[in-house]
Amino acid sequence: MKRLYFFLVVFISGSVWSSYAQEEGQQIIFHKTHELKKEQAPFSDIVEVGKLYFLSGQIGLDHTTRQLVDGGIEAEMKQTLENIKAVLTHHQLSMNQVVKCTVILKNIDDFKTMNEIYKQYFPQKPARTTFAVANLALGAQIEIECVVAKM
């Protein structure tokens, strides 16, 4: 039942944004990655719909080595945020334009640590949802996705 609910939410969300873009006469642009090693990934780093940009989830991966950084949740959190910053910079966007984040933790006990680092990168206090899951890709301890507004 949970799986059905999840797919229903994803389908409805996608339909709403697609309808919005079409009604507004806006084009949906699925941008190619700026990292050659990710060209074959089955998703876009960032998707543009009008003045909104939807950034795929980022983890604490060192993109030069393609390995998670060492140092636990603090190191992964900082690397995750630097990865977000790199994608945004590539598209002439900044962290100050982030309006919504979804933070996914492997361990909810890391919430306080995550929050302390998060505040340093997002002083504008974008809307946010945070939850914990059993596992993340590549054994990561944190993943963050964002919505960005370009005005």
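**Note on the predicted model**

1. His 63 sits in the loop that runs between strand 4 (61-62) and strand 5 (67-68), where helices (H or I, at least four residues) and strands (E, at least two) are DSSP runs, numbered from the N terminus. The side chain of His 63 is joined to that of Arg 66 by a polar contact of 2.9 Å, and another polar contact, of 3.3 Å, links the side chain of His 63 with the side chain of Asn 83. A polar contact here is a pair of N or O atoms within 3.5 Å; within protein, one must be able to donate a hydrogen and the other to accept it, and residues adjacent in sequence count only if both atoms are side-chain atoms.

2. The model is predicted, so local features need pLDDT of at least 70 and side-chain atom pairs count only at pLDDT 80 or more, while totals for chains, interfaces and linings use all residues. Residues are numbered from 1 along each chain as its sequence is written, and side-chain values use heavy atoms, with hydrogens and water left out.

3. As for the overall architecture, the protein contains three helices and eight strands, which follow one another along the sequence in the pattern α-β-β-β-β-β-α-β-α-β-β. Of the 151 residues, 36% are buried (under 20% relative accessible area, with exposed meaning over 50% and partly exposed in between; 1.4 Å probe, protein chains only). Among the contacts (heavy atoms within 4.5 Å) with a separation of 6 or more, 67% are between residues 24 or more positions apart. The accessible surface of the protein is about 9,400 Å², and carbon and sulfur atoms account for 57% of this surface (Shrake-Rupley method with a 1.4 Å probe; for residues, only the protein chains shown count as cover).

4. Strand 6 (98-105) deserves a paragraph of its own. Because six of its eight residues are buried, strand 6 is largely enclosed by the rest of the structure. Strand 6 pairs with strand 8 (residues 142-149) in the antiparallel sense over seven bridges (two strands pair if DSSP finds at least two bridges between them), and in strand 8 it is Val 148 that stands opposite Val 98. With strand 7, strand 6 pairs in the parallel sense over six bridges, and Phe 131 of strand 7 is the bridge partner of Ile 104.

5. Strand 6, helix 3 and strand 7 together make a right-handed β-α-β unit, in the sense that, with the strands pointing away from the viewer, the path from the first strand over the helix to the second runs clockwise.

6. The model has one aromatic pair, formed by Tyr 118 and Phe 122, which is tilted, with 4.8 Å centre to centre and 45° between the planes. Rings of Phe, Tyr and Trp (its six-membered ring) pair if their centres lie within 6.5 Å; planes under 30 degrees apart count as stacked, over 60 as edge-to-face and the rest as tilted. Tyr 118 is buried, at a relative accessible area of 4%, and Phe 122 is also buried, at 2%.

7. Two backbone angles may be worth checking by eye. Gln 92, although not a glycine, has a positive phi of about 55°; its place is the loop between helix 2 (72-90) and strand 6, and Gln 92 is exposed, at 60% relative accessible area. Lys 125, also a residue other than glycine, has a positive phi near 60°; Lys 125 lies in the loop between helix 3 (111-121) and strand 7 (127-132) and counts as exposed at 71% relative accessibility.
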